[in-house]
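Visitor: Could you take me through this structure? I would like to begin with the aromatic side chains and then move on to other topics.

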Amino acid sequence: MADVDTGGRDRLALAVLAQYRMAATAQMHLILSPEVRIEQTRRRLAKLREEGLVDRITLPRAGRTRVWHPTPYGAQLAGEWPELRGRRPPRGAVDRTAVRLKVGHGLTVTETALAFLKDARRRGDVCRPLDWIPEVRHPLGGGEAVIPDALLYYQRHHTDGASGAHGADRTTGTDNADGAGDTEGTRGGVILRAFVEVDRATMGPERLAAKLTAYARLHRYAPAPAARPRQQPFPEPVQETWRQRYPLFPRLLFVLDGTGPAGVTTRIHALRAASRDIALAGFLRDVPVLAAPLADLLQHGPAAPVWHPIPGPDHGQRVGWMHTRHP
């Protein structure tokens with residue numbers, strides 16, 4: 001029974017690839033087993049490939065980086081596991097050509113996930129590999145939907161009081177502006193949820209800013225009530241659909257990459273300009289919205305004060321992503 005965990009590590013490796021869609025070898029190593037030599041991760045991935053569960057593409061540049069993804073068989077198998085129930089990846093996630101065409105954005109999303117995982121480990125918080133869930137569909141009716149690049153679950157221990165002024169250290173969850181996305185964890189601390197949008201400057205600043213409107217629609221969207229029998233004089237009120245999944249609406253994080261400091265500033269200004277729309281006032285009052293360059297997350301960690309509040313002042317004040325009250 002000495003190697004009883006071997007199957008568990010193989011299972012986690014396949015689950016991560018099925019859920020994340022793709023990851024480079026070094027990323028998989030840091031996600032799965034940063035405490036061991038990377039050769040062990042390479043052997044694990046090679047074994048899963050021999051078994052037909054995962055495959056890889058090799059990028060022509062960047063040191064011929066190998067990018068791993070699940071095969072149709074691997075995705076089907078992992079989709080039957082309880083931890084991945086309802087999270088089967090789309091067809092493109094298991095197709096070599098589709099992976100190659102999406103590799104820039106896909107690896108950046110995985111790198112963003114890794115920034116949160118590593119930061120949680122350093123801080124003694126709880127954020128496991130499968131707490132990062134890409135592309136969760138949130139219907140808006142009429143065939144429309146909001147699909148964030150990722151949904152993040154993160155449990156913060158309440159021993160660190162550095163951010164108390166902004167309401168991030170509460171240990172109870174309430175439906176108010178100070179606690180958007182936070183609820184009490186089973187082992188103490190606060191469970192935070194966040195929608196994460198990773199922008200690589202492949203769309204104009206205005207299109208990026210338009211995502212604020214989409215999330216505001218999700219925040220207030222409730223389906224039209226079904227026809228009810230006439231004998232019901234007091235029909236139950238229709239709730240917003242997001243309440244079926246979350247006790248509180250997740251905060252919204254924009255991670256900016258693919259451009260220099262001037263481009264980041266332009267995109268933050270576009271988000272702030274869009275936030276002045278009176279139609280967004282209720283959403284922005286209830287939900288913290290923050291933006292930060294990926295380079296700052298990788299250098300300092302997501303918990304560091306590298307995030308620009310949206311809306312917020314233009315004089316450079318920044319906060320950590322766990323803050324819930326705008327300065």
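Predicted model: local features only at pLDDT ≥ 70, side-chain atom pairs only at ≥ 80, totals over all residues.

Guide: Residues are numbered from 1 along each chain as its sequence is written, and side-chain values use heavy atoms, with hydrogens and water left out.

Visitor: Where do Tyr 154 and Trp 321 lie?

Guide: Tyr 154 belongs to strand β7 (residues 150–156) and Trp 321 to the segment after β12 (308–309), so the pair ties together parts that are 167 residues apart in sequence. Helices (H or I, at least four residues) and strands (E, at least two) are DSSP runs, numbered from the N terminus.

Visitor: Is Tyr 154 buried or exposed?

Guide: Tyr 154 counts as buried, at 1% relative accessibility. Trp 321 also counts as buried, at 0%. Buried means under 20% relative accessible area, exposed over 50%, and partly exposed in between (1.4 Å probe, protein chains only).

Visitor: And why is the pair of Phe 249 and Phe 283 called edge-to-face?

Guide: Their ring centres are 6.0 Å apart and their planes stand at 90°, so the pair is edge-to-face. Phe 249 is in the loop between α6 (205–220) and β10 (251–256), while Phe 283 is in helix α8 (residues 281–286), 34 residues apart. Both Phe 249 and Phe 283 are buried.

Visitor: Which residues form the aromatic cluster?

Guide: Phe 195, Tyr 215, Trp 242, Tyr 246, Phe 249 and Phe 283 form one aromatic cluster.

Visitor: Changing topic: how many salt bridges does the structure hold?

Guide: The structure holds 16 salt bridges, each being a side-chain nitrogen of Lys or Arg within 4 Å of a carboxyl oxygen of Asp or Glu. Among them is the one between Asp 10 and Lys 47, at 2.6 Å, N to O. This pair links distant parts of the chain, with Asp 10 in helix α1 (residues 6–20) and Lys 47 in helix α3, 37 residues apart. Asp 10 counts as buried at 12% relative accessibility, whereas Lys 47 is partly exposed at 31%.

Visitor: What about Glu 197 and Lys 211?

Guide: Glu 197 forms a salt bridge with Lys 211, and their closest N and O atoms are 2.8 Å apart. Glu 197 lies in strand β9 (residues 190–199) and Lys 211 in helix α6, so the pair ties together parts that are 14 residues apart in sequence. Glu 197 is buried, with a relative accessible area of 4%, and Lys 211 is partly exposed, with 22%.

Visitor: Now the open sheet, please. What is its strand order?

Guide: The open sheet of 3 strands has the order β1-β3-β2, with antiparallel pairing. Strands β1 (23–24) and β2 (54–58) stand at the edges, each with a single partner strand, so one side of each is left without a neighbour in the sheet. Two strands pair if DSSP finds at least two bridges between them; here 2 bridges join β1 to β3 (residues 66–70). Ala 23 stands opposite Trp 68 in β3.

Visitor: Which strand holds Arg 56, and what does it touch?

Guide: Arg 56 is found in strand β2. Not counting residues up to four places away in sequence, Arg 56 touches Arg 49, Arg 66, Val 67, Trp 68, His 69 and Arg 96, where contact means heavy atoms within 4.5 Å. Arg 56 is buried yet has no salt bridge, and the nearest side chain of opposite charge, Asp 55, is 5.9 Å away. Lys and Arg count as positive and Asp and Glu as negative; His and the chain ends are not counted.

Visitor: Lastly, which residues does the cis peptide bond join?

Guide: The cis peptide bond joins Ile 310 and Pro 311, with omega about -5°. Pro 311 is placed in the segment after β12.

Technical notes
Phe/Tyr/Trp six-rings, centres within 6.5 Å; stacked < 30°, edge-to-face > 60°.
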